[in-house]
Amino acid sequence: MTDIDLEQREPFPVDNDDGKQSHAKEDLPDGRRKLGCCEKFQQTISRWMLPEDARSTYLERANCCPPPIFIIVISVVELAMFIYYAVWKPQKQWVTLEEGIWNSRLTYRPEYRQEAWRFISYMFVHAGVEHIVGNLIMQLILGIPLEMVHKGFEVGMVYLAGVLAGSLASSIFDPLSALVGASGGVYALIGGYFMNAVVNFREMIPVLGVFRILAIVIIVGVDFGFAFYRRFATDEEGMKVSFVAHFGGIVAGMTIGYVFFSDYNKKLLKDPRFWICIVGYAVFFLFAVLFNIFISPAS
């Protein structure tokens, strides 16, 4: 038998110069590589979240691992706290706000505003099934794609800025009302995404842009209506919950959130809008602190 040069035989896939196996790729008829499920999902995310000039950079770096940890963890904690108060506390919290959650050390109450953690911790407790379900659906649907593009630090900063802005705004404009729920954080994400969709309307697929803007307006309108009803139309004595956190959160999102979400692949510290928003937020924070110390009508 004649010996055959082993180098002329290729019974197994071999590595090319780029480190990828020659038989590992599945090419389409036009020469393009067939995309996997994760890559298809990333392309969809890029169309929904980024203007056209930033998509290629995102797709080059995109990776489904690690998953969007911040928004998932915060949602799990909020759901766990809701179940704890609904199951283990003597109340009707499945339906409405009752004694167990009202007396929680996490709930923001104006008479206990010297306990500073309440300005943040109120996001972990919710007043009823519709409240927790609405917030979780919105923050997961919007927060997961945002975190996949902008990562957990940026999304976390915007979310917490909205939570704090919501409680501070409530303490100023509705100083005698309590506060529960993560609506401030959710509305910060909505506000940031809304401004990004409006400013980059022509670059983010106009037809989808119209749908996104209309969907946000409808959802926000319905939620605001429910919040107004809970605040002014219910007759539960001593159980009034402020709606002002929605306004505080959405303003934080339309300022700080917009800067974070529109500066993809750019240096925030070199963007003057970033410093304008930071200074504005700091001034608001200082005014709210002084108001609560010296002016607030709450006892």
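Where pLDDT is low, the predicted coordinates should not be read in detail. This is a predicted model, in which local features need a pLDDT of at least 70 and side-chain atom pairs count only at pLDDT 80 or more, while totals for chains, interfaces and linings use all residues. Residues are numbered from 1 along each chain as its sequence is written, and side-chain values use heavy atoms, with hydrogens and water left out. The chain averages a pLDDT of 79, and 77% of the residues score at least 70.

The chain has ten helices and zero strands; helices (H or I, at least four residues) and strands (E, at least two) are DSSP runs, numbered from the N terminus. Confidence in the chain is lowest in helix α4 (residues 99-102), with a mean of 73, and highest in helix α5 (residues 118-121), with 97. Of the contacts in the chain with a separation of 6 or more, 68% are between residues 24 or more positions apart. Buried residues, meaning those under 20% relative accessible area, with exposed ones over 50% and partly exposed ones in between (1.4 Å probe, protein chains only), make up 45% of the 299 residues in the chain.

Which residues lie nearest the centre of the largest pocket? They are Trp48, Met138, Ile141, Leu142 and Tyr193, out of 16 residues that line this pocket. The elements that give two or more residues to its lining are α1 (37-49), α6 (129-173), α7 (183-199) and α8 (206-233), and α8 gives the most, with six residues. On a 1 Å grid over the protein atoms alone, a pocket is an open set of points where a 1.4 Å probe fits, with protein on both sides within 12 Å along at least five of seven lines, and lining residues have an atom within 4 Å of a point. By class, the lining has 15 nonpolar, no polar and one charged residues, where Ala, Val, Leu, Ile, Met, Phe, Trp, Tyr, Cys and Pro count as nonpolar, Asp, Glu, Lys and Arg as charged, and the others, Gly among them, as polar.

Two loop residues can now be followed in turn. Ala182 lies in the loop between α6 and α7, and counts as buried because its relative accessibility is 0%. Leaving out residues up to four places away in sequence, Ala182 touches Glu78, Met123, His126, Asn135, Gln139 and Tyr159. Of these partners, Met123 is 59 residues from Ala182 in sequence, yet their C-alpha atoms are 4.1 Å apart in space. Thr107, in the loop between α4 and α5, is buried with a relative accessible area of 1%, and its contacts, apart from neighbours within four places in sequence, are Ile101, Trp102, Arg118, Tyr122, Val125, Leu179 and Val180.

Within a helix, Ala227 in α8 counts as buried because its relative accessibility is 7%. Beyond its neighbours within four places in sequence, Ala227 is in contact with Phe243 and His246.

Definitions and conventions:
pLDDT = per-residue confidence, 0-100. Contact = heavy atoms within 4.5 Å.
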